[in-house]
Amino acid sequence: MNNQLPIEIDWTNLPSRRELHRRLDRLALPADAKVLMGKLLDTTAEVAGRIVEVGRRILAFVLDLFKRYPATTLGAIVGLTVTMLVSSIPFIGVILGPLVGPLLAAFMITSGAMADMRNSSIEKQIELFGAKLDAAMARA
Amino acid sequence: MPEPTASPEPGIDETGIDQVVSDPLRFKQQLQIGEEAFALLRAKKQLYTVWETAGAAATGAGIAGSSVVAGTFFAPTGLAAWLGLATAATPVGWVVAAAVVAGGGYYGVSRWFSDKTGAFVDTIPKYINTPIDVLGAALIDLLGSLALRVAAIDGQIAQAELDCIRDHFVEDWGFDPVYVARSLDVLAPRATDTRVKALAADLAQFQAANPDCNAPAMQAELLKFLRDLIASDGVIDEREELAIEAIERMWQEQSRLTLAKAGEGLADMTKAAGMVAGEAASVIGGTARSLGSALSTKLAEASRNLREKTKS
């Protein structure tokens, strides 16, 4: 585990949706939270006539980040990722907006918990991911 | 409230096995938990049941408080009887009792219908709370041990019986065939180490404790499978039958204990319905009191007028 290096984001070799659903099945999470994560996974955006699987990219990133930071709760990672993406990428707020509240509620994430993670290496990873996702959507 | 935690998915590929469950849908179907897997849906269902029970109770209170019922029970003889409604000897107690009975009856009927739904339709949750491979590994240990123990009770485990167990796990449950084969290889030599009742009790305890298992429904299916199992080698030994009967009795006993606990819940629910009915009855009583009060005021006024007229 290396907390300093940014996660390699390989858009061409993303895990399939089936694989991500399988990973969700294997997590020790309340079923309600898993359903919302499944909805996140199924979220797509249409950019210039092309479909971008935003949810699949986010979930793959989140689960990867969770593997690297096992001491951090998955809920905190999910909460910070979606809120940071919504605030940094204008277009994504429209897509993820309806899911953010239920996700935070399902994971019982408080703003205090997320504030604790601010300025951490996790936040830097998410910032980098957000920049790459923004660029990927712009290129689509 | 504590934040739900999850640990990174377990890696189980060190031994060459990368999964326990290969068909998650079939596995989740066998758990028979349906929408009860979701805390939110569970809460909603309970709320609806209480609401509907309270609604039926209030209807019961309305009927019991009607003039027909009041007339039948309390045989009014005139104005005095109506005024009696406003005194301490009111029939409000009867109204509440009728409401509680109506509410209880409704709960029984709705419960009967909801119990029967499973006979027609299987509801499969999209996700369950327990990591699927962890739950699968635990269940294969418990179910496999019990099935092998029953198969071995006549002195030997026939190949046909082993095939029946493997097919049940792979075809019905959706377990990974490699994992099933390895598990049965490990469990079979130790099949006679534990008593049937101890294994059945362990399984029942696990099912009752796990939020993703519908114990009664799973046990009913398992009994069917065990009957198929003892018949699979073409010979039904009396000891095998006795073992299944003992398992059934033990689970019925467990189920009674669970029902007793559920009964406490029902008592609470009826109490809640009774409170709603009590409120309804209190409104009825209040109306009667107002009516009585108005009538006695009018009566007093009328008699005063009469006295004044007589004087004049």
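1. Burial in chain A. Of the 140 residues in chain A, 39% are buried. The model under discussion is a predicted one, and the points below should be read on that basis.

2. Fold of chain A. Seven helices and two strands make up the elements of chain A. Read from the N terminus, their order is α-α-β-β-α-α-α-α-α. Among the contacts in chain A with a separation of 6 or more, 66% join residues 24 or more positions apart.

3. Helix α4 of chain A. This helix covers residues 74-88, 15 residues in total, and its first and last C-alpha atoms are 21 Å apart, close to the 21 Å expected at 1.5 Å a residue. Its buried residues are L74(A), G75(A), A76(A), I77(A), V78(A), G79(A), L80(A), T81(A), V82(A) and L85(A).

4. Contact between the chains. On the side of chain B, 22 residues are in contact with 24 residues of chain A. Both α2 (39-64) and α6 (132-152) of chain B supply at least two residues each to the side that touches chain A. Sorted by class, that side of chain B comprises 14 nonpolar, four polar and four charged residues.

5. Helices α7 and α8 of chain B. The axes of α7(B), residues 159-172, and α8(B), residues 177-187, come within 10 Å and cross at roughly 140 degrees. The pair is therefore classed as oblique. The crossing of α7(B) and α8(B) is right-handed. From α7(B), the residues L162(B), I165(B), R166(B), F169(B) and V170(B) meet P177(B), V180(B) and L184(B) of α8(B). By class, this contact has seven nonpolar residues, one charged residue and no polar ones.

6. Helices α7 and α10 of chain B. Helix α10(B), residues 215-231, packs with α7(B) at an angle of about 150 degrees, and the two axes are 8 Å apart. Because of this angle, α7(B) is roughly antiparallel to α10(B). Here too, α7(B) passes its partner α10(B) in a right-handed crossing. The contributing residues are E161(B), C164(B), I165(B) and H168(B) from α7(B), together with F225(B), D228(B) and L229(B) from α10(B). The class composition of the contact between α7(B) and α10(B) is four nonpolar, one polar and two charged residues.

7. A residue in both contacts. I165(B) of α7(B) is listed among the residues that meet α8(B), and I165(B) also takes part in the contact with α10(B).

Definitions and conventions
Residues are numbered from 1 along each chain as its sequence is written. Chains are lettered from A and ligands numbered from 1 in the order in which they are written. This is a predicted model: local features need pLDDT of at least 70, side-chain atom pairs count only at pLDDT 80 or more; totals for chains, interfaces and linings use all residues. Two residues are in contact if their C-beta atoms, placed from the backbone, lie within 7 Å. Helices (H or I, at least four residues) and strands (E, at least two) are DSSP runs, numbered from the N terminus. Ala, Val, Leu, Ile, Met, Phe, Trp, Tyr, Cys and Pro count as nonpolar, Asp, Glu, Lys and Arg as charged, and the others, Gly among them, as polar. A residue is buried if 20 or more other C-beta atoms lie within 10 Å of its own, exposed if 12 or fewer, and partly exposed in between; C-beta atoms are placed from the backbone. Axes are lines fitted to C-alpha atoms, for helices over the stretch in contact, and angles run from 0 to 180 degrees between N-to-C directions. Angles under 35 degrees count as roughly parallel, over 145 as roughly antiparallel, 65 to 115 as roughly perpendicular and the rest as oblique. A crossing is left-handed if the near helix is turned anticlockwise from the far one by less than a right angle, and right-handed if clockwise. The expected span of a helix is 1.5 Å times one less than its number of residues.
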